[in-house]
Amino acid sequence: MKFVIQRVTHAVVTEEEQILGQIGKGFLVLIGIGEEDDEAAADKMVKKLVGLRIFEDENGKTNLSLADVGGELLLVSQFTLYADCKKGNRPSFVHAAKPEKAVPLYEHIIEKCKESVPKVECGKFGALMRIDLVNDGPFTVVLESRDL
């Protein structure tokens with residue numbers, strides 16, 4: 001499982017001009033689910049995500065978490081995080097989980113995040129979406145379940 005976490009001041013995800021999710025200060029999280037992922041991996045990733053201290057405190061140190069700053073989450077499924085570009089110029093996505101596995105895990109991640117973050121918005125699995133964001137910093141972190 002892979003999370004690309006961007007600290008944002010604003011983010012919105014749309015599909016055909018319709019807003020699917022929108023947040024203010026918080027994290028935009030692109031979520032890639034691999035063929036070997038499970039709920040245990042998802043739980044570890046969510047725990048790390050919501051505890052991540054990458055907001056600045058009064059001394060300018062990245063020492064504050066989402067809860068400390070009243071941050072929000074925008075979660076967007078992104079199977080292309082599993083692109084394999086080793087051969088040729090056209091990526092392969094054979095390591096991304098199939099929808100029948102990925103959808104329940106994506107929904108599990110959303111529900112786990114809602115347990116500790118008051119505002120959790122999300123994109124639509126499998127949809128062609130557009131994301132508009134203001135990356136704060138910019139600050140981007142990549143988490144992978146194999147590292148936890």
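Trainee: In what order do the elements of the protein run from the N terminus on?
Mentor: The order is β-β-β-α-β-β-α-β-α-β-β. Helices (H or I, at least four residues) and strands (E, at least two) are DSSP runs, numbered from the N terminus. This is a predicted model, in which local features need pLDDT of at least 70 and side-chain atom pairs count only at pLDDT 80 or more, while totals for chains, interfaces and linings use all residues. Residues are numbered from 1 along each chain as its sequence is written, and side-chain values use heavy atoms, with hydrogens and water left out.

Trainee: How many helices and strands is that?
Mentor: The protein has 3 helices and 8 strands.

Trainee: And what radius of gyration does the protein have?
Mentor: The value is 15 Å, which agrees with the figure near 15 Å for a compact globule of 148 residues. The radius is taken over C-alpha atoms, and the globule rule is 2.2 Å times the number of residues to the power 0.38. Along the principal axes, the C-alpha atoms fill a box of roughly 45 × 35 × 30 Å.

Trainee: What share of the residues counts as buried?
Mentor: Of the 148 residues, 42% are buried. Buried means under 20% relative accessible area, exposed over 50%, and partly exposed in between, with a 1.4 Å probe and protein chains only.

Trainee: Which strands hold Arg 7 and Asp 136?
Mentor: Arg 7 lies in strand β1 (residues 2-15) and Asp 136 in strand β8 (residues 130-144), so the pair ties together parts that are 129 residues apart in sequence. Arg 7 is buried, with a relative accessible area of 5%, whereas Asp 136 is partly exposed at 25%.

Trainee: What about Glu 111 and Lys 114?
Mentor: Their side chains also meet in a salt bridge, at 3.9 Å from N to O. Glu 111 and Lys 114 are 3 residues apart in helix α3 (residues 99-114), a separation of about one helical turn. Glu 111 is partly exposed at 46% relative accessibility, and Lys 114 is partly exposed at 44%.

Trainee: Which residue forms a salt bridge with Arg 146?
Mentor: Glu 144 does, with 3.4 Å from N to O. Salt bridges that share partners join Glu 144, Arg 146 and Asp 147 into one network.

Trainee: A change of topic: how many aromatic pairs does the structure hold?
Mentor: There are 3. Rings of Phe, Tyr and Trp (its six-membered ring) pair if their centres lie within 6.5 Å; planes under 30 degrees apart count as stacked, over 60 as edge-to-face and the rest as tilted. Phe 27 and Phe 55 form a stacked pair, at 5.3 Å centre to centre with 10 degrees between the planes.

Trainee: Where do Phe 27 and Phe 55 lie?
Mentor: Phe 27 is in strand β3 (residues 26-32) and Phe 55 in strand β4 (residues 55-56), so the pair ties together parts that are 28 residues apart in sequence. Phe 27 is buried at 0% relative accessibility, and Phe 55 is buried at 2%.

Trainee: And how are the rings of Tyr 106 and Phe 125 arranged?
Mentor: Their centres are 6.0 Å apart and their planes stand at 50 degrees, so the pair is tilted. The pair links distant parts of the chain, with Tyr 106 in helix α3 and Phe 125 in the loop between β7 (120-122) and β8, 19 residues apart. Tyr 106 is buried at 3% relative accessibility, whereas Phe 125 is partly exposed at 30%.

Trainee: Last one: which residues is Thr 14 in contact with?
Mentor: Leaving aside its neighbours within four places in sequence, Thr 14 is in contact with Ile 19, Leu 20, Leu 128, Met 129 and Arg 130. Contact means heavy atoms within 4.5 Å. Thr 14 lies in strand β1 and is buried, with a relative accessible area of 18%.

Methods:
A salt bridge is a side-chain nitrogen of Lys or Arg within 4 Å of a carboxyl oxygen of Asp or Glu.
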